[in-house]
Amino acid sequence: MRISLFFLMSLFVFSVVSAKPVLVLSEEIIDFGDVNIADGHQTKMLVVKNEGDEPLVINQVSSTCHCVEAGWWIRPIEPGASDTIQIDFEPDVSGRVSKKLIIYSNAQNRRVPFRVKADVHFTGIPKLLED
């Protein structure tokens with residue numbers, strides 16, 4: 001009986017100590033599709049969900065390129081809740097683009113990577129002026 005009680009208490013202590021946020025992304029690849037350089041700045045939203053037991057705090061989003069940046073946030077994401085991060089893409093070179101970003105947080109999965117991709121071309125005339 002003592003062993004069973006000890007085992008149950010150990011499981012309880014472990015579950016309390018290991019309670020952490022869990023960061024889950026709505027998508028691992030953000031596809032901007034076909035982008036004309038002349039149209040300039042592009043924006044998409046990435047949904048981040050906390051599937052853990054504690055508030056999720058995003059510390060930083062790093063990018064491998066100056067052409068992709070993530071918006072800033074200051075509030076924690078409560079357990080079970082979701083929030084969005086703005087992803088900004090500034091096309092500056094023609095061709096296929098595939099850039100890796102990493103979200104750093106206090107979650108069990110401290111580093112969560114995702115990619116941004118696009119097929120960038122240049123026609124010289126912004127879509128706004130074609131009408």
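## Core and cavity of a predicted model

The model is predicted; the protein chain has an average pLDDT of 87, and 81% of the residues reach at least 70. Residues 13-17 have a pLDDT below 50, and beyond near neighbours in sequence this stretch makes zero contacts in the model.

In soluble globular proteins, nonpolar side chains tend to be buried together. Here, the largest nonpolar core contains 27 residues. Those with the most contacts inside this core are Leu 23, Ile 58, Ile 87, Phe 89, Ile 103 and Phe 114. The strands in the table each contribute at least two residues to the core. Strand β8 gives the most, with five residues.

| Strand | Residues |
|---|---|
| β1 | 23-25 |
| β2 | 29-36 |
| β3 | 42-50 |
| β4 | 58-63 |
| β6 | 82-89 |
| β7 | 95-105 |
| β8 | 111-121 |

One of the core residues with the most contacts is Phe 89. Leaving out residues up to four places away in sequence, Phe 89 touches Phe 32, Val 35, Gly 40, His 41, Gln 42, Cys 67, Val 68, Val 97, Ala 118 and Val 120.

The structure also has one cavity of 30 Å³ or more. The volume of the largest cavity is about 40 Å³. Its lining is made of Leu 56, Ile 58, Trp 73, Arg 75, Ile 77, Asp 83, Thr 84 and Ile 85. By class, five of these lining residues are nonpolar, one is polar and two are charged. Strand β6 supplies the largest share of the lining, three residues. Ile 58 lines this cavity and is also among the residues with the most contacts inside the largest nonpolar core.

Definitions and conventions:
Residues are numbered from 1 along each chain as its sequence is written. This is a predicted model: local features need pLDDT of at least 70, side-chain atom pairs count only at pLDDT 80 or more; totals for chains, interfaces and linings use all residues. Side-chain values use heavy atoms; hydrogens and water are left out. A nonpolar core is a set of buried Ala, Val, Leu, Ile, Met, Phe, Trp, Tyr and Cys residues joined through side-chain atoms within 4.5 Å. Buried means under 20% relative accessible area, exposed over 50%, partly exposed in between (1.4 Å probe, protein chains only). Helices (H or I, at least four residues) and strands (E, at least two) are DSSP runs, numbered from the N terminus. Contact means heavy atoms within 4.5 Å. pLDDT is the predictor's confidence in each residue, from 0 to 100. On a 1 Å grid over the protein atoms alone, a cavity is a set of points where a 1.4 Å probe fits but cannot get out, and a pocket is an open set with protein on both sides within 12 Å along at least five of seven lines; lining residues have an atom within 4 Å of a point. Grid points are joined across faces, edges and corners, and a volume is the space filled by probe spheres set on the points. Ala, Val, Leu, Ile, Met, Phe, Trp, Tyr, Cys and Pro count as nonpolar, Asp, Glu, Lys and Arg as charged, and the others, Gly among them, as polar.
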